[in-house]
Amino acid sequence: MAVAVYLLAAGNLTFWHKAWEGFATGPAFAAFAVATLAIFLAVTVGFAFRYVAKPLYVFAILSTAAASYFTDTFGTIINANMMENVLATDSGEAGEFFTVGFLVHMLVFGLLPSLLVLWAKVRHRPLRPALGGNVLAAAALLAVATLLIWPNYAEVRAAMRRDFNAMLGTLNPSGPVSAAVRTAAAAIARRNIVREAVGLDARKGAWIRASRRPVVAVIVVGESARGMNFSLNGYGRDTNPELARLGVLSFRDVTSCGTETNISVRCMFSGLTRATFSREKADRRESLMDVLQRAGFDVVWWDNDGGSKGVADGVGYRSYMMRNDPDLCLAGTCQDDIFLGDLDEKLAGIGRDSVIVLHQRGSHGPAYYLRYPDTFGPFRPDCRSYSPADCPAEEVLNAYDNTIAYSDRFLARVIGLIEKHAARADGAMFYVSDHGESLGEGGLYMHGARFESAPRTQTNVPLILWASSGYRTLSGLDMGCAGGLLERAYSHDNVYHTLLGMMGVETSVYRRDLDILAGCRPVSSAS
Ligand SMILES: [Zn+2]
């Protein structure tokens, strides 16, 4: 009984906060709270057998302590998607989370109470009477829970319609543990998937076939960059001094497909729209990378951000996560300039039409200050903690804006390299972020909110386009025309088809209505 009370009291601040907000009246909340306690008691009392009780209690206490650190500190909901992220995460990224704060939290809220449980002397009854007694007690407690919920059912349903599932997802340890079970089941189910071929008829269109020199697109996939912090999009601080000088087009009203890398990256390269997307569907079909490769492009995916989520399974892949560059790599991760040397080399030797994807580290939290060099950073003082909630709000914003300014310089350097090799290939740069980020607004940090109720900070993403004069001449892309579209509303739904259009690919899967630039090229060159 003490374990049940302890779990609910010490490991569920976020859950109680959400429950309090979810219920319109005090009595309904109180009935729900007591019913929740009764259900927890039913489990801890119901399983109070020799050899079962203590391992179960210790497991519950430790998993609750670990989960509550993230939910209560960052507002991170540990759902199945987040779990997948953690599994896809290499050790360098995971290491960022094992901070002194985390270890202290685990010591106080996990280890000490666990030791107390192990130390307690329990006299167990023989199995048969214990079984009868426990089942009876659990049944009585569940009956109490039902009786409490029953008269308030209308209220519970109303709370359900608001955000009941998200609320239950924060209940520790049941939320994270069920997420772990579902993630494991999905991983087992996915093991033998054969991906459906997409765009079997894909081929290069007339203008790109006619080009005598290679055409190259560098697609930069951003990380946790939110559109509203780009001065190109009207932000009050100068976060884009470099790109502003280069005549890029910045689309201001672009909405992401999800609020996490795992969803957004899969979604935008899947050819599915947000309305039709599911991870299962995306995992069962080839991505844009495969279609481009089939059309005859040399396609590579270079990754500095925990993987392509299956998008690059069929093309050349290179990870930059664990490089040993002493200037750019620190604490197991590297800053995005790590790409530039190889990009320079690749462009210098380019002999075919190519698509190069750079999956950025970008603005990945919580340790924003690790994303840029100490010597860089126009905004000071910047939060230098793994735990942004411990810093003053303006220092968190300074660190975050520094990551945007660093990405600004990085993108400008990518463009600079395309220009440097302009005599060899005609190039364009396309940048889009996977999702935005919360910086403490409304008590939320980082990202991963349920899409339907996610704040705009997490779903408004930058989308930036640059094209060399050689590329513009070849493709007939009218930058003036494209410049007239910057205020229109777009989304990740547009990424796939805009890129097919930009590379002049003709295929039956191409949808002209979703190609942002379709109206800004001569009709004859549109696929
Ligand atoms: Zn992401």
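1. Strand S13 (463-467) has two faces. Leu463, Leu465 and Ala467 point one way, Ile464 and Trp466 the other, and all are buried. Buried means 20 or more other C-beta atoms within 10 Å of a residue's own, exposed means 12 or fewer, partly exposed lies in between, and C-beta atoms are placed from the backbone. In a regular strand the side chains alternate between the two faces of the sheet. S13 is mostly covered, with five of its five residues buried. Strands (E, at least two residues) and helices (H or I, at least four) are DSSP runs, numbered from the N terminus.

2. Basis of the note. The model is predicted: local features need pLDDT of at least 70, side-chain atom pairs count only at pLDDT 80 or more, and totals for chains, interfaces and linings use all residues. Residues are numbered from 1 along each chain as its sequence is written.

3. Partners of S13. S3 and S13 run antiparallel and are joined by three bridges. There, Phe251 stands opposite Leu463. S10 also pairs with S13 in the antiparallel sense, over five bridges. Here Ala428 faces Ala467 as its opposite residue. Pairing requires that DSSP finds at least two bridges between two strands.

4. The whole sheet. It is open, has seven strands and mixed pairing, and its order is S3-S13-S10-S2-S9-S5-S6. The edges are strand S3 (249-251) and strand S6 (316-319), each pairing on one side only. From one strand to the next the twist averages 15°. Angles run from 0 to 180 degrees between N-to-C directions; axes are lines fitted to C-alpha atoms, for helices over the stretch in contact.

5. A parallel pair. S2 (residues 215-222) and S9 (residues 354-359) share six bridges in the parallel sense. Val218 has Ile356 in S9 as its bridge partner.

6. Helices on the sheet. H17 (residues 393-420) lies across S2, S10 (426-433) and S13, at about 160° to S10. H21 (residues 493-502) lies across S2 and S10, at about 175° to S10.

7. H16 against H17. Helix H16 (residues 340-348) packs on H17 at about 20°, with the axes 10 Å apart. The two are therefore roughly parallel. The cut-offs are under 35 degrees for roughly parallel, over 145 for roughly antiparallel, 65 to 115 for roughly perpendicular, and oblique for the rest. Contact residues include Leu340 and Leu343 of H16 and Val414 and Leu417 of H17. Six are nonpolar, none polar and two charged. Nonpolar covers Ala, Val, Leu, Ile, Met, Phe, Trp, Tyr, Cys and Pro; charged covers Asp, Glu, Lys and Arg; the others, Gly among them, are polar. Contact means C-beta atoms, placed from the backbone, within 7 Å.

8. H3 against H8. The axes of H3 (residues 26-46) and H8 (residues 127-149) come within 8 Å and cross at roughly 165°. These helices are therefore roughly antiparallel. Their crossing is left-handed. Among the contact residues are Ala31, Val34 and Ala35 of H3 and Leu141, Leu142 and Val144 of H8. The contact divides into 17 nonpolar, two polar and no charged residues.

9. A loop residue. Glu196 sits in the loop between H10 (174-190) and strand S1 (203-204). Glu196 is exposed because 9 other C-beta atoms lie within 10 Å. Beyond its neighbours within four places in sequence, Glu196 contacts Arg284, Arg285 and Glu286. Glu196 and Ala282 are 86 residues apart in sequence, and their C-alpha atoms are 9.7 Å apart.

Key
A crossing is left-handed if the near helix is turned anticlockwise from the far one by less than a right angle, and right-handed if clockwise.
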